[in-house]
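Here are my notes on this one, as numbered points. Have the model open while you read.

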Amino acid sequence: MRSANMSGKPVCISDFEDYAKKFLPKSVYDYYRSGADDQETLADNVAAFARWKLYPRVLRDVSVMDLSTSVLGQKISMPICVGATAMQRMAHADGELATAKACQAMGTGMMLSSWATSSIEEVAEAAPDSLRWLQLYVYKDREVTKSLVRRAERAGYKGIFVTVDTPFLGRRIDDVRNKFQLPPHLRLKNFTSNSLAFSSGKDFGENSGLAVYVSEAIDSSVKWEDIKWLRGLTSLPIVTKGILRADDAKEAVKLGVNGILVSNHGARQLDGVPATIDVLPEIVEAVEGKVEVFLDGGVRKGTDILKALALGAKAVFIGRPLVWGLVYQGEEGAKEVLQMLKEEFHLAMALTGCRSVEEISRTLIRRHDVLFSKI
Ligand SMILES: Cc1cc2nc3c(=O)[nH]c(=O)nc-3n(C[C@H](O)[C@H](O)[C@H](O)COP(=O)(O)O)c2cc1C
């Protein structure tokens with residue numbers, strides 16, 4: 001574990017979190033940080049990366065490097081993208097607009113949450129040259145769902161990441177204790193009605209307000225048929241976000257999705273599931289190169305990114321680190337987080353002898369606990 005030291009400038013991602021913990025109201029920090037239940041998977045998402053060891057190649061002239069790659073046909077400067085995290089205006093007044101501007105400046109992509117505190121259109125306007133995708137929740141009211149997709153198409157978003165692991169919200173104990181809801185000056189800006197906008201003032205009883213919101217608005221009957229429906233609805237690339245099994249990955253490919261995001265929702269849904277890096281290899285194998293595979297969960301440093309790519313991910317997405325950057329300094333802080341990860345990844349590539357992302361291969365990595373248990 002890295003120790004954080006916030007007396008000076010942040011030098012690692014945990015420094016940003018340290019700052020956010022001191023700065024944010026407790027219920028907001030808890031919402032951003034928490035995992036589900038006992039948070040076993042939350043810890044494992046990070047810890048699992050350490051079980052995979054790198055086997056560097058040496059003497060390969062790494063004086064000139066190229067970190068660029070592409071996601072769903074769109075060029076990006078590095079395989080590090082920003083995942084959907086809801087309600088970013090609790091982190092900084094500029095919220096999602098700051099994130100989009102930071103991504104635009106860094107030449108990478110941003111996935112906007114359905115539950116953003118800035119609208120699809122506002123984000124597009126703030127950073128017109130940014131690469132944006134929409135994260136989609138399937139609402140009980142399919143017209144609401146459809147209209148989110150149409151608005152994303154019109155506003156120049158380049159893909160839909162449909163979240164498939166949330167028929168109900170995972171049980172996040174701190175949010176239940178805090179009876180979490182949005183502060184009164186904020187709402188989910190993609191919706192007009194107060195109930196869909198998760199406006200405060202409603203009595204959510206002894207529960208997380210968000211858990212109540214999900215049970216009222218999000219469709220728990222969502223099924224594979226709905227992926228088919230979505231495929232027929234839009235010609236934008238579709239990625240299923242929240243796949244952890246090879247058979248589910250194969251099913252998604254059969255239905256015509258363009259990508260799989262291996263994700264356990266930052267350990268916020270079902271506790272006790274494996275770390276994403278541990279299931280990545282079997283998903284990559286299952287899809288047989290037919291679609292792009294991405295990973296999120298616990299990515300905190302450059303070597304994590306290199307490990308994910310060595311195991312077959314096309315790119316990684318970050319959740320919490322970006323939020324901590326926003327808290328630290330809005331757009332500048334978000335940029336700093338992305339720049340830090342970029343520099344760390346650059347170093348990890350150089351020290352493993354990779355001059356381009358194409359040179360990051362499976363031979364660079366082995367899982368050590370398996371190795372030792374065989375001896
Ligand atoms: C505060 C927070 C809010 C999130 N909101 C959403 C969301 O609205 N939609 C979604 O599909 N995933 C959401 N996620 C999950 C992230 O997209 C992503 O899977 C996860 O954060 C990656 O793990 P990491 O935080 O360890 O990087 C959220 C995660 C966090 C931490």
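1. C12 is buried, at 5% relative accessible area (buried means under 20%, exposed over 50%, partly exposed in between, with a 1.4 Å probe and protein chains only). C103 is buried too, at 0%. C103 takes part in no disulfide: its nearest cysteine sulfur belongs to C81, 7.9 Å away, while a disulfide needs a pair of cysteine sulfur atoms within 2.5 Å. The structure has zero disulfides.

2. A word on provenance: this is a predicted model, where local features need pLDDT of at least 70, side-chain atom pairs count only at pLDDT 80 or more, and totals for chains, interfaces and linings use all residues. Residues are numbered from 1 along each chain as its sequence is written, and side-chain values use heavy atoms, with hydrogens and water left out.

3. Take Y139: leaving aside neighbours within four places in sequence, its contacts (heavy atoms within 4.5 Å) include W115, F191, Y213 and D219.

4. Overall, buried residues are 57% of the 375 in the chain. Of the contacts between residues at least 6 apart in sequence, 72% join residues at least 24 apart. The C-alpha atoms fill a box of roughly 60 × 50 × 45 Å along the principal axes.
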